[in-house]
Amino acid sequence: MAQFKFLNEINSFIAMDGELAKGPVPRWQRKLNLSGASSSFNSSTLGNTSARGMLSVSQSGNANNTLQLSTTGVSLKTPRKNSGKGPTASSVKKSSQTPGKGGTNGQAQPGAGGDRFIPSRTATDFDLGHYIVQQSATGSDENGENENTNGQTALSPKQSERIRSLSEAMRGCDISSKPLLSYRVKPERPPEGHVNPMKAMYSVKTPMSAKSGSRYIPNAPERILDAPEIMNDYYLNLMDWSTDNVIAVALGSSVYLWNAATGTIEMLFENEGNDHACSLSWIHEGHILAVGTNAGTVELWDCENIKRLRVMNGHSARVGVLAWNSYVLCSGSRDGTIVNHDVRTRQHNIGVLEGHTQEVCGLKWSPDGKYLASGGNDNLVHVWSAANGSPHAVGEPLHVFNQHQAAIRALAWCPWQPNVLASGGGTADRTIKFWNVANGQLMNSVDTKSQVCGLLFSKTYKELISAHGYVNNQLSIWKYPSMTKQVDLMGHTGRVLQIAMSPDGSTVMSAGADETLRLWNCFTPDPLLAKKEKLAVREKPSLLKQSMR
């Protein structure tokens with residue numbers, strides 16, 4: 001019996017038909033458990049391993065009682081990843097195709113769309129969408145849809161009436177066959193008067209000052225000069241800036257010259273008694289200064305030699321404004337007349353323009369010398385045409401503009417549009433108006449909320465600067481032609497009487513009733529833009545350099 005017990009122990013020890021209760025887990029089984037394979041895949045794998053082979057012990061009936069070992073199965077080898085029979089997991093994975101891609105070598109079918117919808121806000125009309133959604137929401141609870149025998153939707157009478165009224169509201173648009181929202185073709189506009197209450201959420205514009213493309217404008221003046229005893233009179237023009245960079249200003253009974261380049265100050269002359277200068281104007285090229293007096297005369301001064309050249313009569317009242325056009329000097333007076341003076345000849349008076357009924361306080365020639373604009377205390381703007389081949393105006397006014405409600409002292413011509421004239425009204429008007437003198441039409445009108453004392457167009461930018469009085473006494477810079485305000489230059493405690501521009505167009509000087517002169521660097525050219533323009537202009541290659549080898 002002992003030998004049978006020994007055989008049973010050997011048989012149980014070497015039997016392979018059951019799971020191993022002790023010992024480490026095989027490497028191939030551990031890898032399968034860690035990989036997180038499916039249960040079906042694990043069960044099939046374990047089934048294959050159990051059937052792979054078994055070793056049994058049997059006792060033969062021969063005389064020697066020998067043991068015979070028999071093996072059943074295919075192989076006793078440990079399973080591997082790659083086997084010679086059947087496709088592996090990696091080969092199956094490589095042969096699978098990506099979802100959404102056709103069988104034509106991974107290329108999308110021509111008629112298929114993308115995998116997600118991306119709307120375009122630029123092609124979407126939110127007003128129309130909001131209107132349609134509101135209209136459909138009001139009748140969605142009442143209206144139902146029934147399908148007829150042909151598979152088409154049958155509309156109830158109430159829903160048909162709603163669609164008909166909606167089509168009429170959409171100007172005859174067929175709502176049933178046209179999409180409500182279109183991202184490729186822009187739909188029709190909503191009916192007039194419909195307002196989307198959520199439109200403000202998407203239509204807020206970024207201020208010009210916050211945009212990266214807007215330029216920097218200093219808010220503080222570069223320099224402040226004292227101007228004691230400057231006359232606070234809206235109708236006088238007591239300052240001018242020459243092409244030689246010299247500023248002439250009338251202070252009380254004296255006229256002073258300030259060289260902006262060197263900073264030197266020189267007194268030109270001083271009147272005796274109650275006489276004083278009422279207007280100053282430099283000739284376009286040279287050092288000749290015209291001075292209008294309260295006695296009705298016009299004086300010409302040589303500022304280089306500090307010498308008075310001549311005195312010209314022609315008015316019966318003070319001369320409050322002057323304007324040069326080549327060798328012709330036009331003077332406007334309180335008597336309502338404009339006199340053309342030819343400064344070359346002894347008989348200087350070559351023509352008188354009569355059109356204003358009150359004092360002439362604004363006078364400007366156009367850049368091309370074809371038109372003369374005059375503004376008066378009679379709330380009228382006159383445009384005079386120059387004589388053929390002559391730099392002076394004659395005859396009746398070409399246009400008379402009467403839309404202003406106060407005196408017009410501020411006049412400015414557009415440098416890049418010679419036919420455009422800007423005019424500013426006084427306290428009762430407070431507007432800047434733009435006129436097309438070619439056809440006499442009003443182009444635009446802007447309410448500035450304060451008295452307009454001066455206007456200047458920039459030579460560097462397409463902008464306009466205006467000088468104002470009560471309430472803020474500010475200088476305002478506007479984009480032209482949109483007339484979007486760029487900035488307000490504050491500092492004067494009294495109204496700005498006059499403004500003048502430097503020869504290079506970068507600086508503006510303002511004369512205020514607070515007896516100060518302030519210089520503003522508001523039109524300084526962009527250094528980056530100037531550098532680009534400089535690089536764009538290339539030197540013409542020399543013929544000598546081209547021939548040299």
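These are my notebook entries on a predicted model of one protein chain.

**Ground rules**

I number residues from 1 along each chain as its sequence is written, and side-chain values use heavy atoms, with hydrogens and water left out.

**Entry 1: the whole chain**

I started with the secondary structure. The protein chain has eight helices and 32 strands. Both are DSSP runs numbered from the N terminus: H or I over at least four residues for helices, E over at least two for strands.

Next I looked up burial. Of the 549 residues in the protein chain, 39% are buried. Buried means under 20% relative accessible area, exposed means over 50%, and partly exposed lies in between (1.4 Å probe, protein chains only).

I then checked the surface. The accessible surface of the protein chain is about 33,300 Å², and carbon and sulfur atoms account for 51% of this. The areas come from the Shrake-Rupley method with a 1.4 Å probe; for residues, only the protein chains shown count as cover.

Last came contacts, meaning heavy atoms within 4.5 Å. Among those between residues at least 6 apart in sequence, 44% join residues at least 24 apart.

**Entry 2: helix α6**

I picked α6, residues 157-169. This helix has 13 residues and reaches 18 Å from its first C-alpha to its last. That is close to the 18 Å expected at 1.5 Å a residue. The expected span is 1.5 Å times one less than the number of residues.

Which residues of α6 are buried? I found Q159, L166 and S167. Seen down the axis of α6, these buried residues fall within an arc of 100 degrees, so they line one face of the helix. The arc is taken from the directions from the helix axis to the C-beta atoms. I noted the general rule too: an α-helix has 3.6 residues a turn, so residues three or four places apart point the same way. On the face of α6 turned away from the buried side, I found the exposed residues P157, K158 and E168.

**Entry 3: sheet β6 to β9**

I traced an open sheet of four strands here, in the order β6-β7-β8-β9, with antiparallel pairing. Strands count as paired if DSSP finds at least two bridges between them. The edge strands are β6 (239-241) and β9 (265-270), and each pairs on one side only. From one strand to the next, the twist averages 20 degrees. For such angles, axes are lines fitted to C-alpha atoms (for helices, over the stretch in contact), and values run from 0 to 180 degrees between N-to-C directions.

Inside this sheet I followed β7 (residues 246-251) and β8 (residues 254-259), which pair over six bridges in the antiparallel sense. L251 stands opposite S254 in β8.

**Entry 4: sheet β14 to β17**

I found another open, antiparallel sheet of four strands, ordered β14-β15-β16-β17. β14 (319-325) and β17 (349-354) stand at the edges with a single partner strand each, so one side of each has no neighbour in the sheet. The twist averages 20 degrees from one strand to the next.

β15 (residues 328-333) and β16 (residues 337-342) are antiparallel partners over five bridges. C330 stands opposite N340 in β16.

**Entry 5**

Five of the six residues of β18 (residues 360-365) are buried, so the strand is largely enclosed by the rest of the structure. I see β18 pair with β19 (residues 371-376) in the antiparallel sense over five bridges. L363 has S374 in β19 as its bridge partner. The two strands form a hairpin with five residues between them. In the turn, G369 has a positive phi of about 75 degrees.

Where are the cis bonds I looked up? One runs from Y470 to V471, with omega near 25 degrees. V471 lies in the loop between β27 (463-468) and β28 (475-479). Another joins Y480 and P481, with omega about 10 degrees. P481 is in the loop between β28 and β29 (485-489).

I306 has a phi of about 50 degrees and sits in the loop between β12 (298-302) and β13 (307-312). At 30% relative accessibility, I306 counts as partly exposed. E515 has a phi of about 65 degrees and lies in the loop between β31 (508-512) and β32 (516-520). E515 is partly exposed, at 36% relative accessibility.

Definitions and conventions:
This is a predicted model: local features need pLDDT of at least 70, side-chain atom pairs count only at pLDDT 80 or more; totals for chains, interfaces and linings use all residues.
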